[in-house]
Amino acid sequence: MSTVFARLKEVASPSIGLGCMNLSHAYGSPVSKPEALRALDQAFDMGYRHFDTATLYGKTANERLVGKALAGRRNQVLLASKCGMAFDPELGRKVIDGRPETLRRQCEASLARLGTDHLDLYYLHRLDRRVPIEESVGALGRLVEEGKIRAVGLSEVSAATLRRARAEHPIAAVQSEYSLWTRNPEIALIAACREADTALVAFSPLGRGFLTGTITEVESLEAKDIRRNMPRFSAENLPRNLRQLEAVRAVAAELEVTPAQLALAWLRAQGNDVIPIPGSRSVAHMRENLAAEELSLEAATVTRLNAMMTPDQVAGERYSEALQKEIDTEEFA
């Protein structure tokens with residue numbers, strides 16, 4: 001059993017975790033600190049036990065936030081963070097750096113910000129193409145030996161990279177974008193994860209909010225929202241994708257659930273080794289997402305959904321050209 005599944009069992013975690021990024025990063029203005037702390041406090045109270053953050057988010061602010069929110073509760077959660085991609089204040093931009101000395105330094109800083117002596121799961125946020133994956137993973141393996149992290153993870157990597165990495169050290173989890181409108185892990189990654197009992201942690205399981213049905217025009221997003229520069233949300237592609245979403249919304253209406261709950265239930269139906277970590281700024285949405293834990297789809301419904309929003313039906317790439325160059329994930333031809 002992957003150490004991720006073992007830890008989730010220890011803390012009696014639901015199968016749905018919480019991505020904490022949205023509170024500090026990427027989707028417009030950060031949530032105020034008091035409001036964000038209240039949201040995380042309520043998330044714990046409603047049952048979330050898997051909390052995911054990263055050095056990059058909010059230029060380290062998200063780790064500080066999560067650390068403060070979970071103070072006194074550390075032993076009751078699976079705490080995950082990420083290294084190898086961070087904001088460099090001197091350069092004034094994001095930098096991908098997978099060198100062993102960088103990963104060690106970032107881990108020490110993350111532990112301090114999070115107020116803990118170890119992380120349950122520590123991901124290499126992005127593959128640094130200048131550094132062999134074996135070197136980066138070897139450095140993380142040494143952190144396991146020292147007790148600073150319990151398990152090693154990777155993010156946005158291909159099946160081939162995963163296989164190379166696990167030859168160096170066991171990989172407990174791979175984080176990849178996976179949802180009804182992003183099926184890339186089905187190309188090869190899911191199979192590679194299952195070869196070694198590696199958990200697939202699905203980030204953006206609600207399609208960066210698109211699958212909730214609440215985003216109907218890009219102009220409604222804040223000026224600094226990263227989705228404004230994502231092809232699927234462009235003025236040309238968003239209306240086409242919204243037309244595809246109608247069929248999904250119809251199924252949700254039939255089942256008397258929200259589109260978000262349906263999307264999460266579909267992911268859970270892909271296997272017990274697929275762990276969605278939806279993020280939200282809203283306590284109400286956190287509660288709505290967690291309620292999908294109780295929703296079990298019939299096989300016929302899963303089959304219907306499988307035929308919706310397939311790669312040939314979705315308009316636009318998931319990342320801009322610049323961001324696409326940063327990932328190692330397989331792409332559909």
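Colleague: How many disulfides does the count come to?
Modeller: This is a predicted model, so local features need pLDDT of at least 70 and side-chain atom pairs count only at pLDDT 80 or more, while totals for chains, interfaces and linings use all residues. Residues are numbered from 1 along each chain as its sequence is written, and side-chain values use heavy atoms, leaving out hydrogens and water. A disulfide here is a pair of cysteine sulfur atoms within 2.5 Å. By this rule the count is zero disulfides.

Colleague: Which cysteine has the sulfur nearest to that of Cys107, and how far away is it?
Modeller: Cys107 is in no disulfide. The nearest cysteine sulfur belongs to Cys83, at 7.2 Å.

Colleague: Is Cys107 buried or exposed?
Modeller: Buried means under 20% relative accessible area, exposed over 50%, and partly exposed in between (1.4 Å probe, protein chains only). Cys107 has a relative accessible area of 0%, so Cys107 is buried.

Colleague: How are α4 and α5 oriented to each other?
Modeller: Helices (H or I, at least four residues) and strands (E, at least two) are DSSP runs, numbered from the N terminus. The axes of α4 (residues 100-114) and α5 (residues 133-145), lines fitted to C-alpha atoms over the stretch in contact, with angles from 0 to 180 degrees between N-to-C directions, come within 8 Å and cross at roughly 40°. Angles under 35 degrees count as roughly parallel, over 145 as roughly antiparallel, 65 to 115 as roughly perpendicular and the rest as oblique. The two helices are therefore oblique.

Colleague: Which residues of α4 meet α5?
Modeller: Contact means heavy atoms within 4.5 Å. On the α5 side are Glu135, Ser136, Ala139, Leu140, Arg142 and Leu143. On the α4 side are Pro100, Leu103, Arg104 and Cys107.

Colleague: Which residues of α4 make the contact with α3?
Modeller: The axes of α3 and α4 come within 7 Å and cross at roughly 45°, which makes α3 oblique to α4. From α3 come Glu63, Arg64, Val66 and Gly67; from α4, Ser110, Arg113 and Leu114.

Colleague: Which residues does Arg73 touch?
Modeller: Arg73 is in the loop between α3 (61-69) and β3 (78-83), and at 17% relative accessibility Arg73 counts as buried. Not counting residues up to four places away in sequence, Arg73 touches Asp41, Phe44 and Asp45.
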